[in-house]
Amino acid sequence: MATLLGSETTSFTLDNMGRYLCNSLQEAIDSAGQTIGDQRREFDVIVIGAGSFGSVIANGLFMKDATHSRRIMVLESGPFVLPEHVQNLPWMGGDPGYGVPWVTRPGSDLGYAGLLYGVGGRSLTWGGWSPELLHDANNDEMAGWPASVVNELKGHYFLDAGDQIGTNSTNDYIYGPLHVAMRAQLFDGLNAGSGPNGPFASLTLADLQDAAPVRAFPRRHNNQAPSDDDLRDMLGLKPNGVAHNDLLNMMKLEAPLAVQSRTEPGQFPINKFSAVPILVEAARLASSEAGGVGPAADARKRLMVVPKCQVLEFITETQPDNWVRVTGVRVRDASGQEQVVFLAPPRADGTQGAVVLALGTIESTRVALTTFQSSLGWRAAQRMGRNLMAHLRSNLNIRIPRTALAQLPKEIDLNALQVSALFVKGKARVAGKDRYYHLQITASGLARFGNDSEAELFKKIPSLEHMDALLDADDTTVVITLRGIGEMVPHNPDSFVDLAKTPSDWENGRPRAFVDIGDARQPAGGSAETQADRALWDKMDAFTDEVALIFANGQPFEILGAAGGTTVQVPAGASVADLRNAHPYRDRRDRLGTTHHDAGTLWMSSDAANGVTNDFGRIHDTTNCYVAGPALFPTIGSPNPMLTGMALARRTIDLLTSSVLPKPAAFSAAPPWRTLFDGTAQSFNTDWVRVSPNKSNGFALINGEIVTYGGGDFGLLYYAREAFADFTLRLQFRIFDPVNHNSGIFVRFRDPVAPLPNAIAQRVIANGDANRLASNRAWSAVHSGFEIQIDDMARGDTSKDFYGIRPEPDGLNKNRTGAIYKIPAGDAIPSGGFDLALQTYTPPPKLVPGRWYEYEIAVANNDYTVDLTDLTTNAKVRTTTFHNADVVRGIAKENGKPAGYIGLQSYPNATVAFRRIQIRI
């Protein structure tokens, strides 16, 4: 077994954070080799990549595992870098670690900075813009998507994802006179237009669906649509007589940003969204459930995050029907060693484990091609890597006089940071088809960020990349950045991902990805699709200039960062043609791929002959290999892929949870019985409370069962919601070891966290258990109630004697399965004769490991009966009857109210499972 890693010192940091979140690969492998009860702890899900979408998949599968029936491993090739988005932290330069692991064509314009290697991936540094793909009667950015996917995304998954990342809330951190004035001027200018070729000539605000905060409003307000007052509150407007439809259309100009600065009471704001807090949430819960460290505790963890572990390919087997099943992954660990991590095999009920490929589009394609190039060579593999898309992106930075903003109050003080963020959607007809783009507009009205730049940076200006440009504002000018984002045509033969053919381009004995993209930045050439991209780019840049002129409002202004970094003076009354001459389109266009929005290479299709994956992201003709992220997109539209990728991930999570992964049915008792434990975490965590000094001896919820574990003193898990007087209790249990299986069921004991009555407290002292009770309140159940024993070995108490024999010998009936523990049961005594028989005890057949048994424990007044049923043979034995004559122990009521609690025992080195706990009163 590998030595447990501790905290490690780096140049700046004692690396506790990584130790809190992550496990080593060896720790994960060691845990998978453990058995809890009769259940091997192999991983049911292996998520490849802990970036934006892998983290969401892992968190979602973890949180939706109601019966704790699956184990999840997340493999990330990079390290743990940051706890959340960079803009939620002071920024001191550098980046979390980009790398380009693929090969490009010599002379290619692909300017992609590469992957961000680290837990959280690109979600750590993205801008946060999250518009939604259009799909309605007049506009469709989802042409070619499976109809079922479109319907469900539009039905609720887009809004669900918006709730998760923050886009369904208004931008309450972007407000104030500058923002209000810019939005009003843009709204008026767009409505006015400038002839048939002006802004929104083919896409008006009325053509767009309501903004996400408007559509999400009924979720939080009893299905009521927002009133005019609600809309004005969202927009930060005073009552002003603006018509309802105009208020709705003004909301469509608000920036759809994945930021939350205010949340529900009692919750922390997530600020600019990144996937790391989501993964941390799941890892924290998994660790809290494990009850310790080391292989045995790790085996109880339902999620393990393993960084610095590169996935090379999947291990597969071809089924008799030629479908392919993934059985494991081959990885390269931090030391350079190759190892195989196996997936749990299919179960008898037909459920099975799954792998989820959630790397960036290019690396996901490489792993898929490397793995399936032979087994799916004549099927999905022949299409893998085609349909590569990214975004066309341009930037225009202008500085306008503040007087150009007609509705900005002249007396406003800009000595505090004033910012604005706005969004405009556009459409153009290119080569007979509608093509889409949008503008992301960011503005600042001050040259410096006050005296505390870090605090102002924390305000989440929507683009870290534009900070330098925004600093060029002063108190008489406003700097505006207009970023255009345009879609690329799907299925462009110029754009693809393949495997490198030259051995010099290989790594770790395997080919890297080879990437090329249609070069629409060049003035001519390329496929018809590349030429169409070029035409859309021209129209988007022309539209950008028109919007810039709306803000300039006929006044002279400046273009910042033109060719060579120069500033260009633009005279009053300039036209679109003047702006193009002053700042040619090519000079403002980013290299292709720099958006990090690569998509499409493993696209979805309901037709296995046309796509790579089905409508839930499973690679066609595989049984258990799923993809998450933009690689699934049949088309890309203009939006940043984060919201769509999140929505698709949530949809895949629901499928895996409901139909693929192990999931025993929750138990529901039939009347007149009531369920006390139904097999779910809701019941286990809410209704049942653990009582013991630490987690060294505890209880875990595994596959719908309460499973005991640990060492040291014993532990108690009790039903804390309610006490009972007279009742009949049923529960099922099983043991796993014929020797070590000591446990029991406590009944009619007092609230274990409340002080004991004096009469019982005196007995505790007389019995020598005062110190035990002081350190472990579980001993309260021993002295105030009764335990129905589970122990075929009938072990004696080493601290007690039996008629002068010390320690108490093993084998006494009063300590045996089915007995009420320590109540005299007529055992033979050393001097001859028999002990008292306060309970009438009949030994049942020995328990068979792995077999389920049922206790039925009836308590009426002071009479107790215990029946034990072998659920395999249905053989039933009444093991004991007992009349309690003690007036202070096992009492039914106190002050007229039920006083007896019910609980389970965990015992050192003993594993016992419980399920289907129900009661009849």
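Contact here means heavy atoms within 4.5 Å, and axes are lines fitted to C-alpha atoms, for helices over the stretch in contact, with angles from 0 to 180 degrees between N-to-C directions. Helices (H or I, at least four residues) and strands (E, at least two) are DSSP runs, numbered from the N terminus.

Some housekeeping: this is a predicted model, where local features need pLDDT of at least 70, side-chain atom pairs count only at pLDDT 80 or more, and totals for chains, interfaces and linings use all residues. Residues are numbered from 1 along each chain as its sequence is written, and side-chain values use heavy atoms, with hydrogens and water left out.

Now the six-stranded sheet. It's open and antiparallel, ordered β16-β17-β18-β15-β23-β24, where pairing takes at least two DSSP bridges between two strands. β16 (419–430) and β24 (568–570) sit at the edges, each pairing on one side only. From one strand to the next, the twist averages 25 degrees. Within this sheet, Pro401 has Thr477 in β18 as its bridge partner.

The other sheet is open too, with three strands in the order β6-β22-β19 and mixed pairing. β6 (103–104) and β19 (496–499) each have a single partner strand, so one side of each lacks a neighbour in the sheet. Leu499 stands opposite Ala513 in β22.

Here's how the helices lie on the strands:

| Helix | Strands touched or crossed | Angle |
|---|---|---|
| α14 (528–552) | β15, β16, β17, β18, β23 | about 15 degrees with β15 |
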